[in-house]
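Let's take a walk through a protein together. Please keep the sequence and the 3D view side by side as you read.

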Amino acid sequence: MAIEQVKTYFRAQGMEARIREFDVSSATVELAAKALHCEPCRIAKTLSFMVNGQPVLIVAAGDAKIDNAKYKAQFSTKAKMLSPEEAQTLVGHAVGGVCPFAVHDGVRIYLDVSLRRFETVFPACGSSNSAIELTIPELERHSSFIAWVDVCKGWNDPQPAIEQSAES
């Protein structure tokens, strides 16, 4: 089971006790935020893609969405998410628990800049009912990431101005 591999990894780092397992699902951003009692944007979701025949993970803030133009500029190809079966086989984690820890060899990991605005974030730990709170430097250290990328949208969009009524 993938969570056991993640636990083994964090045990070697002296951090296994920080992994939280829930009696409820944390398989989506919304469910994870509810289980953790935090804002959905602080969930570090891990998205899985295929780039030139190689699995790629992008860890992004919970409120971020892939921007196809930015993605294509970064990776020189269209965004093609892995199917649930491909994620399990190629990455080593099932959808709902995909994380950047204890993945199969050859998986390339990138962190999206949408995460940098937080002191700590909550990535999954290999199952659909787990998470760990990490600082951004800890996420960098334990994810074995290749680079920071800017491939998301939605998280830094300005809020629409509230229109004043004509009567005010």
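Residues are numbered from 1 along each chain as its sequence is written, and side-chain values use heavy atoms, with hydrogens and water left out.

The score called pLDDT is the predictor's confidence in each residue, from 0 to 100. Its mean over the protein is 93, and 93% of the residues reach 70 or more. Residues 163–168, however, have a pLDDT below 50, and beyond near neighbours in sequence this stretch makes 0 contacts (heavy atoms within 4.5 Å) in the model. Where pLDDT is low, the predicted coordinates should not be read in detail.

Now find strand S2, residues 43–51. Helices (H or I, at least four residues) and strands (E, at least two) are DSSP runs, numbered from the N terminus. Is S2 mostly covered or uncovered? It is mostly covered, as 9 of its 9 residues are buried; buried means under 20% relative accessible area, exposed over 50%, and partly exposed in between, using a 1.4 Å probe and protein chains only. On one side you can pick out buried residues including Leu47 and Phe49, and on the other Ser48 and Met50 are among them.

Which strands sit beside S2? Two strands pair if DSSP finds at least two bridges between them. S2 pairs with S3 (residues 54–61) in the antiparallel sense over 8 bridges, and Phe49 has Val56 of S3 as its bridge partner. The hairpin of S2 and S3 has 2 residues between the strands, and Asn52 there takes a positive phi near 50°. With S6 (residues 120–123), S2 pairs in the parallel sense over 2 bridges; Ala44 stands opposite Pro123 in S6.

S2 also gives the most to the lining of the largest pocket, with 6 residues. In total 22 residues line this pocket, and Lys45 and Thr46 are among those nearest its centre.

Finally, look at the cysteines. A disulfide is a pair of cysteine sulfur atoms within 2.5 Å, and by this rule the count is 0. For Cys38, the nearest cysteine sulfur is that of Cys41, 7.7 Å away. Cys152 is in no disulfide either, with the sulfur of Cys41 nearest at 13 Å. Cys152 is buried, with a relative accessible area of 1%.

Notes. This is a predicted model: local features need pLDDT of at least 70, side-chain atom pairs count only at pLDDT 80 or more; totals for chains, interfaces and linings use all residues. On a 1 Å grid over the protein atoms alone, a cavity is a set of points where a 1.4 Å probe fits but cannot get out, and a pocket is an open set with protein on both sides within 12 Å along at least five of seven lines; lining residues have an atom within 4 Å of a point.
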